[in-house]
Amino acid sequence: MALPIVDNMCSTMLGLFKQESNKQHSHGTAINLLPSFTEDSTELQIFRFEKSGNLSSWVGHINSCLNSTKTRLEGVSLLRALVPQCPLEIFQQHCLSWVRLLVQSLQSYDSPPVISLVASTLEIILQDAAQVSELSREVSNSCISIIMLAALDMKQLDSAISLLSACIQNFPGPCGPFRTRAENFFLQVMYSEEILDISLSASRCLALLPRVGGGGQGGIKHIEAWSFFCHRVLTSMTIVLDDLYGETDSGSKVDSAYPPLGSLEAPSKEPSRTCTLIRHFKVLSACLQHMIRAEFPEIVKIPVNPVLSLCYRVLALNGKMLSKKVSLQWTLLAGSLSTIHTEAFSILSALISSCRGNLIVHGDMINKLFIQTLGWTMNGQSDDCKQRPYSCLRQAAYSTLETWLETVGACTGIESCADKLLEQILNDASPQIQTTKLKMTGDDKPAPSMTTIMLSGKAKQKGQVATVENASSLTGQQRIDRLANSEVCLASLKVLRCIIMNLGSRVKPDVHKDVHDFAIPLLVRIQQVSLTLSPAPYSSVDCRKALYHVLLSCVIAPHPRWPAPIQCATSLFSRGRQDTSITVTSFCTEASIICQSIIHPRVPSLQYPVNMAQLEPKRSTNTTYDLTARSDLGFMDTNDVGDDSALLTNVKDNTIAVSSFDGWRAPPSDQEGPLSGSQLSTATLDNLDQDKQGEESSDESEDEEDIKEEQQGSGDDKHLKDTTIQLQEVTKNSTEASASQESMSCSEAESQTAGDRTISIAEQGDVDPPAASLEDGRRYSTRRRSKRQLTKLQNQARNEDNDADGKDEDEKVTKKVKKGKSLEEDKINVGDAEDKVGSEEMTEETASMLASFVDSMPDED
C-alpha cells in the first residue's frame, strides 16, 4: 500500500502538470520539475502503488502531451518513468497506442534530444512487450514494420541503430523482410566517415542479421546464414590486410566462394589510404567479435582455423621488420601497428571465450603468439617514471593470456615457455627506477672549497656533518607520474597469479623462487614508505591488491619442491591491514584469515576419525537379525548389532557354536574411527573373556542344580531308550551349517519335565533358525562364550569322558538326549541323522563332542 506522502505527491504533481499544460504560453515550471520528478518517481515507485483511477488520469495526461509538439518532451519523460512501474493490465491496454504515438514522434521534426528520448522509450516498450505472448503477437503483426521503416529513415544514426538493434533482438521473425535494406544501411554507416563509435555500433548490429526471418526446421536457415555471413566477414578482413601489408607477408589469399561485405574501396593517396584501411579493419573486427561472442538461438560451427590464421597473419608483422623500410606507407603502418595487433588479440580472446577447451589442439600456436608479441615489444627499465611504449598492446596480450589460462587451465601448455614469460611479467611488474641528477648552476669548474669531504666512521657516529662552503645551487626536480604503466602492471600481475594457481605444480621450482624473491621484498618496501613515496606504479590501489593476491596464490598453490612462504605472508597480510585503501585492507583481512586457517584449522576436517564411543547406538524393540555362518574360521557377519542378538563363531570340525548376548557394547574410548567386521568381532570376544571370568563359578553351580532338577523330573519315566545321534561331515566344498536358536517351553506343576531344549543342525540355507520363546515365571539367562572358551570346555569334557566309566557317561548322555526327544518330531529335521537314531551305539569321541555341545547351550534358572 502506498504511503500517504506518495499519494499527496502524485495528486499534487498531476495537478501541476495539467495546469502548466493548459497555459497558452511556455510551461517552464513543468519542464524544470521533470528531471527531479522522474528521479523521485523511480526511487519511490509511485506509479506502482497508484490506484487504477489515478493511473488512468496519468495515462490520459501522457497521451495528450504526446499528441502536441509543445508538450511532447514532457509526455515522453513521464511515459519513460511510467512504463517500468505500471501494472501488466495497464501496459497491455495502452501498449499499442503508445507505440503508434512514439512512431509518429520519430517521423516528426522534433529536436534531436526529443528524438533520442523517444527512441530509448520505444526500446523499453519493445523489450517489455516481447515478454508477453499475446501482446508480442499484436506488436509483431502491426507495429514492427512501421518501426523498422521509421528507423531506417531517421537522420540521427545513433538512435536509428539502437532502435533497429532492439527490433532485431526482440522480434527477429518480423524483421526478415527488411534484411537486405538493413544490411545496406549498416554497411553504409560502417564505411562512412562518421564518428568511429557509431560505425562500431553499426558493425555490431550487422552481426545480428543472420538471426532475422524464419529459421526453418531446427533453425537450419539461421545456421547457414550465420556461417555464410561469418565467412564474408573473414573475406573482407583478408582483403583489407592484403592492402595494408602488401607484399610484406605471405598470407592466405581471398576465397572467391564468399563475397566481401560491401565496397572496401580506399583512397589511393597517403595518408588517407592507410587510415581508411585501418578503420575498415577495426569495424570488421568488431563485427567478427560480436558474432563469436554473442549468444545465437542455434548451435553454430565457428571456423576456428580461418580465424586463427587471420590472427597469426596479423601478429606476424612486427615493428622491427617495418623499421628497415623507409617510406610514408610503412611509417604510417608502423605507427598504427599496435592498434591492428590489439584488434587481433581481441578476436583471439573472443574465440577462446567461445570455444574454450576445443582450442587445446592449437595450444602451441596460441602460446607462440603471446611470446612473440611480448618479446618484440619489451622495453627495459627507464630512468624516468613515464609511460612505456606499446603499453596498450602488451596489456591486450596479457588480458588475452589471462583468458586463455582461466579458460583452459593446466591444458594450455604454457609451462614449456614459463621462463620467458616470467621474465616479461617481472619486467612489467617491477617498479620503475627513480633517479635524481644533480646539476651545478654556477661555474663549470667547481671551487676548491667544493671538494668532497669523506667522514670517518667515528665522525659519523658522533653526528658530524660535512659542510660545503660557497656551494652552487643544485636542482634535482622532475615530473613523476605515479600511475604510469599501472594498467600493464595490473595485467601482468593477474597473469602471474593465474600461472601460480593453474600451473603451480607443473612449472619449475625456480619459477616459484623467483616469484617469492620478487613479491616479498617489494611488499616490504611498499609497507615501509608512505603512499606518496611508494614506487610507481604501486601508487595504484589495484596494483597493490594484485601484488597481495600473487602472494596469496603462492601460499595456496605452492610447488612440491619449494616451500610456501606462509610465515612471511602472514606478517605481510597483517601489516597490509593498515593500508590507506579499504580495498587493499579488506583483501589483506581475508588473506590473513585464510593463512590462519591453514596454520591453525578452526574445526577438524571432514575426514577426521570419529570416536564411536560418542555415538549412541540405535535400539529398536522389534528387530530381525539375519545371522549366517561362513566357512572361513574366525569370521563373523552381522547385519545389525542390537539387543538379543546372536554371536556366531566357528569351532572345530565345522561345528557351529551359538552364544547369545544381551546387547552391543561400545568399543573402548581410545579406539577412534569406525570398526570393521573383524575388529568388531575381536573387540566383542575380548569383552566376553572378561565377562566369563566372573561367571564361571556361578555357571558350574547352576549346571549342577540343573542336572539334579532334570533327574528328579525324569524319574517317573520307566522306559528310557538308548538313543544316539551321529553327526556326519559335510563335503569339503560345501558351506558350514547354520545354528538355530533354542526353543524353551515351560509348564506349571502338571508338566512332568521342567523344560525341553531343541537343537537344530542343518546345512546353510535349508531351514530358518527357530525363534526362542520365553514363558512367564522363567528368566532366560544369557551366556557369553568366546571361541577360545568353547574350545577349552570341549577339551575338559573330553578328558572327563575318558576318565569316567563308559556306562555312567552313556547314561548321562541319554538323559540329555531324552529331554528333547518329545519335541524332535515336530520342530527338527536332521536329515540322514534321524534315520540312524537308536540304531548304533555312540562312539566315545561322538559322545564327548555331543556332551560338550549340550553343555555349551544356555541353561535356565
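Trainee: Leaving aside neighbours within four places in sequence, which residues is F186 in contact with?
Mentor: Keep in mind that this is a predicted model. F186 is listed among the residues with the most contacts inside the largest nonpolar core. Skip its neighbours within four places in sequence, and the residues in contact with F186 are L164, I168, A202, C205, L206 and L209.

Trainee: How many residues does that largest nonpolar core have?
Mentor: Nonpolar side chains tend to be buried together in soluble globular proteins. In this model, V139, F186 and Y538 have the most contacts inside the largest nonpolar core, and the number of residues in that core is 181.

Trainee: Which helix gives the largest share of this core?
Mentor: The core has 181 residues. Its largest share is 12 residues, and they come from the helix spanning residues 328-355, α16.

Trainee: How does α14 run relative to α16, roughly parallel or roughly antiparallel?
Mentor: Helix α14, residues 304-316, packs on α16 with the axes 9 Å apart and an angle of about 155°. Angles over 145 degrees count as roughly antiparallel. So α14 is, relative to α16, roughly antiparallel.

Trainee: What kinds of residues make the contact of α14 with α16: how many are nonpolar, polar and charged?
Mentor: On the α14 side you'll find V304, V307, L308, C311, V314 and L315. The α16 side brings I340, H341, A344, F345, I347, L348, L351 and C355. Sorted by type, that's 13 nonpolar, 1 polar and no charged.

Trainee: Is N485 buried or exposed?
Mentor: N485 sits in the loop between β2 (474-475) and α21 (486-503). Its phi is positive, near 60°, though the residue isn't glycine. Under 20% relative accessible area means buried. N485 has 4%, so it counts as buried.

Trainee: What does R356 count as, in terms of accessibility?
Mentor: R356 is in the loop between α16 and α17 (363-376). R356 isn't a glycine, yet its phi is positive, about 55°. Relative accessibility is 48%, so R356 counts as partly exposed.

Terms used
Residues numbered from 1 in each chain as written. Predicted model: local features only at pLDDT ≥ 70, side-chain atom pairs only at ≥ 80, totals over all residues. Heavy atoms only, no water. Core = buried A, V, L, I, M, F, W, Y, C linked by side-chain atoms within 4.5 Å. Buried < 20%, exposed > 50% of the residue type's maximum accessible area, 1.4 Å probe, protein only. Helix = DSSP H or I, 4+ residues; strand = E, 2+ residues; numbered from the N terminus. Contact = heavy atoms within 4.5 Å. Axes fitted to C-alpha atoms, helices over the stretch in contact; angles between N-to-C directions. Parallel < 35°, antiparallel > 145°, perpendicular 65-115°, else oblique. Nonpolar A, V, L, I, M, F, W, Y, C, P; charged D, E, K, R; others polar.
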